[in-house]
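I opened a new page for this model. I want to go through it feature by feature and write down what I looked up.

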Amino acid sequence: MNRVVRQLSSSLAFLRPRPEPQLSGGSLGGGLGGWMGARGIRVVVRNGNLEQALGLMERKMRESGMERLIKRRVGHHLKNSEKRVLARKNLQLRLRSQDFARKLRAIIVKKIRLCD
């Protein structure tokens with residue numbers, strides 16, 4: 001992950017602190033500013049502390065799953081523990097969708113029976 005942050009930090013020079021105040025202080029996401037694209041992650045650099053902002057960006061990337069997407073594109077080797085976590089999440093997602101489909105099917109069957 002540190003390698004990804006280092007690569008991004010060099011290409012995201014516009015996140016470095018500026019002398020003028022930022023305009024997007026408290027409008028979105030609990031005071032998150034520092035524009036990073038239309039659908040990206042927003043991070044505020046406070047008091048010129050770029051390291052703290054990079055740590056926050058790293059945590060947000062990890063929580064949003066963006067880190068996994070980047071690793072998948074790079075063709076990065078997955079450790080067995082990462083494979084287990086992904087397999088567990090995929091299983092939970094599949095079970096949740098099957099459960100939802102089962103409930104939806106039951107509702108539709110009830111409505112059809114009531115109409116007849």
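My entries follow, from the whole chain down to single residues.

**Ground rules**

I am working with a predicted model, where local features need pLDDT of at least 70, side-chain atom pairs count only at pLDDT 80 or more, and totals for chains, interfaces and linings use all residues. Residues are numbered from 1 along each chain as its sequence is written, and side-chain values use heavy atoms, with hydrogens and water left out.

**Entry 1: the fold**

I looked up the secondary structure. The protein chain has four helices and zero strands. The order along the sequence is α-α-α-α. Helices here are DSSP runs of H or I with at least four residues, strands are E runs of at least two, and numbering starts from the N terminus.

I then checked burial. Buried residues account for 21% of the 116 residues. The cut-offs are under 20% relative accessible area for buried, over 50% for exposed, and partly exposed in between, with a 1.4 Å probe and protein chains only.

Next came the surface. The chain exposes about 9500 Å², and carbon and sulfur atoms supply 56% of that. These areas come from the Shrake-Rupley method with a 1.4 Å probe; for residues, only the protein chains shown count as cover.

I also looked up contacts (heavy atoms within 4.5 Å). Of those between residues at least 6 apart in sequence, 35% join residues at least 24 apart.

**Entry 2: salt bridges**

How many salt bridges does the count come to? I applied the rule of a Lys or Arg side-chain nitrogen within 4 Å of an Asp or Glu carboxyl oxygen. The count is three.

I took helix α2 to begin with. E58 pairs with R62, and their closest N and O atoms are 3.5 Å apart. The two are about one helical turn apart, because they sit four residues from each other in α2. Is E58 buried or exposed? E58 counts as buried because its relative accessible area is 16%. R62 has 46%, so R62 is partly exposed.

I moved on to helix α4. D99 bridges to R102 at 3.1 Å, N to O. These two are three residues apart in α4, about one turn of the helix. D99 also meets K103, at 3.6 Å, N to O. K103 and D99 are four residues apart in α4, again about one turn. D99 is partly exposed because its relative accessible area is 30%. K103 reaches 52%, so K103 counts as exposed.

**Entry 3: a nonpolar patch**

Which residues make the nonpolar surface patch? I found F100, L104, I108 and I112, with an area of about 400 Å². Patch residues have over 30% relative accessible area and no salt bridge; like charges are joined within 9 Å, and nonpolar side chains (Val, Leu, Ile, Met, Phe, Trp, Tyr) within 5 Å. I picked out I108, which lies in helix α4 (residues 80–115). I108 is partly exposed because its relative accessibility is 44%.

**Entry 4: the loop between α1 and α2**

I looked at N47, in the loop between α1 (2–11) and α2. N47 is not a glycine, yet its phi is positive, about 55°. N47 is exposed because its relative accessibility is 84%.

R42 is in the loop between α1 and α2 as well. At 24% relative accessibility, R42 is therefore partly exposed. I checked R42 against L56: they are 14 residues apart in sequence and 9.6 Å apart, C-alpha to C-alpha. L56 belongs to helix α2 (residues 50–64). L56 has 22% relative accessibility, so L56 is partly exposed. I also took L56 against V45, eleven residues away along the chain, and the C-alpha separation is 9.7 Å.

**Entry 5: the largest pocket**

What volume does the largest pocket have? The value is about 160 Å³. The lining consists of R62, G65, E67, R68, K71, L78, E82, V85 and L86. Helices α3 (66–74) and α4 are the elements that give two or more residues to this lining.

For the term itself, I used a 1 Å grid over the protein atoms alone: a pocket is an open set of points where a 1.4 Å probe fits, with protein on both sides within 12 Å along at least five of seven lines, and lining residues have an atom within 4 Å of a point. Volume is the space filled by probe spheres set on the points, which are joined across faces, edges and corners.
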